[in-house]
Amino acid sequence: VVQYKAGSWLGAKVAGRPYRIDAVAGVSLELPAGKTYGLVGESGSGKTTLGRAIVGLVPLTSGIVRIDGADAQGYGDGPWRLIRRDVALIFQDPVAAMNPRMTVETLITEPLAIHRAERFDRRQEARQLLDMVGLPANFLDRYPHELSGGQARRIAVARALALRPKLIIADEPTAGLDVSVQGDILNLLSDLQDELGMSYLIITHNLAVARHVTDYVGIMYLGRLVETGATADVFKAPSHPYTKALLAAHTAEPGHAAAPIRGEIPSLWHRPTGCEFHSRCPAAQPICSTQTPQAAEVAPDHHASCHFAVAYHAAEA
Ligand code: SF4
């Protein structure tokens, strides 16, 4: 079981003075072993920050990450060392995250070199990892610039598997890939999960990906989860206007243009009062700009933070 609670923050300097922005706040999610959780939202919604906070790359001002009893919180590498053995993060742009001077062999076995105390046969481990992601051994001596987008994604998955983690966080795992290659990567992730039983946290703005590969989904807006539940339930009866708007923007009828969500996601520096979606919500009422909605359970384990979530769910279900 993976649990993540509360907030993480991003620092910034304005006119030379450090400021703190709560990029993610009040988030609590629990991910059962062997399951896939999708974090969905527009860019700027806090998905990537949350993913990075779970491996300690963004400091937590409060809250805790717990994986099978090992937990970490706060700052510094020390508390996160155990978590990083159990959690691997696949970055959105895998080539940019690779050291261009390292061969594939070194790249994918680097986590073993860092975390494994006993000696190991690097070449042998690397061959086995490549085999797991469907690449032949002749990739071992290649460099990142010699990889296609799909191959780089497979190498990133191989590196993530090196320590046999309990959780893999994949940030936009199909971004920038051709549709057929997207399907290959998603199938690879699914096959590996069947074989090894790890959990996934998939960060995506792509609702088709979320619908296809996740068991649970959390819809993020301005650093908060506004709707959570089993994926099938949320897609069948979306109960928050933001979720509905995301779905409408992605599922236009043939011959009709998709309707973009009106307005822009507000700045973290100027969070709206009341419901933070009210400035863009087509269903906003006077109460929405003054009172913050609490998460309502609209169905078993299906929650939405909207004053009218129960009525919306009843209308959709
Ligand atoms: Fe829209 Fe109001 Fe619900 Fe917020 S609380 S999502 S503004 S209807």
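Axes here are lines fitted to C-alpha atoms, for helices over the stretch in contact, and the angles run from 0 to 180 degrees between N-to-C directions. The model is predicted, and local features need a pLDDT of at least 70, side-chain atom pairs count only at pLDDT 80 or more, and totals for chains, interfaces and linings use all residues. Residues are numbered from 1 along each chain as its sequence is written.

The protein contains ten helices and twelve strands, where helices (H or I, at least four residues) and strands (E, at least two) are DSSP runs numbered from the N terminus. Of its 317 residues, 41% count as buried; a residue is buried if 20 or more other C-beta atoms lie within 10 Å of its own, exposed if 12 or fewer, and partly exposed in between, with C-beta atoms placed from the backbone. Among contacts with a separation of 6 or more, 61% join residues 24 or more positions apart, a contact being two residues whose C-beta atoms, placed from the backbone, lie within 7 Å.

| Helix pair | Angle between axes | Distance between axes |
|---|---|---|
| α5 (residues 149-161) and α6 (residues 179-196) | about 15° | 10 Å |
| α3 (residues 104-115) and α5 | about 35° | 6 Å |

On the α5 side the contact is made by Gly 149, Gly 150, Arg 153, Arg 154 and Val 157, and on the α6 side by Val 181, Asp 184, Ile 185 and Leu 188. These residues divide into four nonpolar, two polar and three charged, where Ala, Val, Leu, Ile, Met, Phe, Trp, Tyr, Cys and Pro count as nonpolar, Asp, Glu, Lys and Arg as charged, and the others, Gly among them, as polar.

The packing of α3 with α5 brings Val 104, Leu 107, Ile 108 and Pro 111 of α3 into contact with Ile 155, Ala 158 and Arg 159 of α5. By class, this contact has six nonpolar, no polar and one charged residues. In α3, the buried residues are Val 104, Glu 105, Leu 107, Ile 108 and Thr 109, and what covers them includes α4 (122-132) and α5.

Helix α1 is mostly covered, with eight of its eight residues buried, and Gly 56, which follows α1, has a positive phi near 80°. Thr 61 is found in the loop between α1 (47-54) and β4 (65-67), and is partly exposed because 14 other C-beta atoms lie within 10 Å.

Two residues other than glycine also have a positive phi. Glu 172, with a phi of about 45°, has its place in the loop between β7 (167-171) and α6, and counts as buried because 21 other C-beta atoms lie within 10 Å. Leu 222, with a phi near 50°, lies in the loop between β9 (216-221) and β10 (224-230), and is buried, with 23 other C-beta atoms within 10 Å.

Of the 14 residues around the ligand, Cys 275, His 278, Cys 281, Cys 288 and Cys 306 come nearest, a residue being near a molecule or strand if its C-beta atom, placed from the backbone, lies within 6 Å of it. By class, this shell has ten nonpolar, four polar and no charged residues.
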